[in-house]
Amino acid sequence: MHALRHRSGRLRALTAAAAGLAAAVSLATPAVAAGGAATSQRNAGDWLARQINAQGVVHNGQYDYDDYGLTIDVATALRDLGGHGDVVKRADKALKAHVADYTTFGGVAYANSVAKLAAYAGRSGYKPGSFGGVNLLGQLKSSVATAAPIAGRIQDTASESADYANVIGQSFAVEALERADAAQADSALTFLLDQQCDNGAFRVYFEDDKTAEQQGCVDGAAGSEPDVDATAFAVLALSTVQGHDEQVAPALYAARSWLAGVQKSGGGFGSDDGTGAANSNSTGLAAQALVALGSCDKASRAASWIKGRQVSASNAGAKLAKQLGAIALDQAAFKAGKTKGITNAVTRDQWRRASAQAAPALLALQAGACRS
């Protein structure tokens with residue numbers, strides 16, 4: 001039933017998962033040329049692997065804490081790119097040992113974190129029902145609301161303050177629940193689909209009032225702004241769903257059309273509604289979503305934009321000579337890196353986050369990695 005049950009990397013698997021949908025809706029795009037992709041992928045993986053320390057985590061030097069969320073992102077990228085299995089295993093061991101540190105605080109279980117870690121565990125070949133001795137799947141199930149008007153929505157548990165769950169967390173929840181054949185999968189899927197705007201994009205935020213009718217995306221309403229990152233995460237989750245074609249296929253087709261419409265002439269994507277300056281995080285996520293949708297030419301253009309912001313032997317200069325493979329957030333960050341290097345905790349964190357989300361998109365440059 002689940003397209004990602006047997007996989008070596010999310011991007012490769014989603015390519016295959018989306019092939020049938022792409023054919024059904026007549027999405028015809030040319031194959032992507034290789035163009036030196038292997039070196040870019042290898043260098044990106046090598047650089048990301050060095051960001052995980054001996055304890056198996058990415059440590060934030062600016063605020064002196066172990067960033068488990070970013071550790072998940074880096075480990076996911078390494079799995080997608082291939083290689084560095086020892087580093088990934090070290091990260092997995094650390095994540096298992098710190099489940100509560102990542103998913104809870106002050107007695108509150110945060111649904112976004114639970115969903116993200118449960119999805120990561122499942123796609124990595126672990127059982128989310130016993131990850132590090134913790135039943136993440138059970139926690140995720142309990143976070144799914146069962147009563148109207150918020151049935152299917154994930155929510156933070158035992159929280160007396162704000163609920164920080166959002167569409168990105170809902171997307172991870174759909175992935176994890178679908179893979180586990182959980183009873184809550186259908187309602188979670190329906191609620192995620194309700195967050196899609198008429199133009200095909202997905203918004204980030206849910207309705208604040210849980211007692212109000214959950215109308216989903218409403219054009220022009222506060223909190224209903226279309227968002228590239230949320231749309232990409234939703235597409236990646238929906239691409240794992242099978243058996244709901246009447247609901248999912250039209251949603252994916254609409255999302256594909258919207259993403260295609262907001263891609264910039266140079267191939268990059270901005271965040272939010274796509275009108276901002278292009279950045280590697282949003283472009284990387286959008287490229288992966290476009291591969292899942294079989295939109296190979298546009299995915300290749302996005303990946304080429306990312307490659308243009310990646311440190312290579314030909315563009316590193318003296319200051320970035322030891323940072324081959326790293327990916328800058330944008331052109332300004334790349335220029336600053338060439339002038340100053342990656343010398344402090346603030347800039348290193350930005351390069352890490354950009355590289356983790358952008359690097360898997362480089363696979364779209366490899367011949368045969370995307371199927372239209």
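Biologist: How many helices and strands does the secondary structure of the protein come to?
Modeller: The secondary structure comes to 15 helices and 4 strands. Helices (H or I, at least four residues) and strands (E, at least two) are DSSP runs, numbered from the N terminus. This is a predicted model, in which local features need pLDDT of at least 70 and side-chain atom pairs count only at pLDDT 80 or more, while totals for chains, interfaces and linings use all residues. Residues are numbered from 1 along each chain as its sequence is written, and side-chain values use heavy atoms, with hydrogens and water left out.

Biologist: What share of the residues is buried?
Modeller: Of the 372 residues in the protein, 55% are buried. Buried means under 20% relative accessible area, exposed means over 50%, and partly exposed lies in between (1.4 Å probe, protein chains only).

Biologist: And what is the accessible surface of the protein?
Modeller: The accessible surface comes to about 14800 Å², and carbon and sulfur atoms hold 51% of that area. Such areas come from the Shrake-Rupley method with a 1.4 Å probe; for residues, only the protein chains shown count as cover.

Biologist: What percentage of the contacts joins residues 24 or more positions apart?
Modeller: Among contacts with a separation of 6 or more, 67% are between residues 24 or more positions apart. Contact means heavy atoms within 4.5 Å.

Biologist: Let us turn to pockets. How much space lies in the largest pocket?
Modeller: The largest pocket holds about 280 Å³ of space. On a 1 Å grid over the protein atoms alone, a pocket is an open set of points where a 1.4 Å probe fits, with protein on both sides within 12 Å along at least five of seven lines. Grid points are joined across faces, edges and corners, and a volume is the space filled by probe spheres set on the points.

Biologist: Which residues line the largest pocket?
Modeller: The lining includes G69, D73, Y102, N112, K116, N166 and F233. Lining residues have an atom within 4 Å of a point. Helices α3 (68-81), α6 (111-123) and α8 (167-179) each supply at least two residues of this lining.

Biologist: How many of the lining residues are nonpolar, polar and charged?
Modeller: The lining divides into 4 nonpolar, 6 polar and 2 charged residues. Ala, Val, Leu, Ile, Met, Phe, Trp, Tyr, Cys and Pro count as nonpolar, Asp, Glu, Lys and Arg as charged, and the others, Gly among them, as polar.

Biologist: Now T283: is it buried or exposed?
Modeller: T283 is buried because its relative accessible area is 0%. The residue belongs to helix α12 (residues 280-292). Not counting residues up to four places away in sequence, T283 touches G267, G268, F269, A302, W305 and I306.

Biologist: What about Q139, where is it?
Modeller: Q139 is placed in helix α7 (residues 136-143). With 29% relative accessibility, Q139 counts as partly exposed. Leaving aside neighbours within four places in sequence, Q139 is in contact with T103, V114 and V134.

Biologist: How many aromatic pairs are there?
Modeller: The count comes to 4 aromatic pairs. Rings of Phe, Tyr and Trp (its six-membered ring) pair if their centres lie within 6.5 Å; planes under 30 degrees apart count as stacked, over 60 as edge-to-face and the rest as tilted. One of the pairs is Y126 with F131, edge-to-face at 5.6 Å centre to centre and 65° between the planes. Y126 is partly exposed at 25% relative accessible area, whereas F131 is buried at 1%. F191 and F206 also form an edge-to-face pair, with 5.2 Å centre to centre and 80° between the planes.

Biologist: Which parts does the pair of F191 and F206 tie together?
Modeller: F191 lies in helix α9 (residues 185-194) and F206 in the loop between α9 and α10 (228-238), so the pair ties together parts that are 15 residues apart in sequence. Both F191 and F206 are buried.

Biologist: One last topic, the backbone. Which peptide bond is cis?
Modeller: The peptide bond from A148 to P149 is cis, with omega near 10°. P149 lies in the loop between α7 and α8. Most peptide bonds are trans, and most residues other than glycine have a negative phi.

Biologist: What is the phi of H84?
Modeller: Phi of H84 is near 55°, a positive value in a residue other than glycine. H84 is in the loop between α3 and α4 (85-97).
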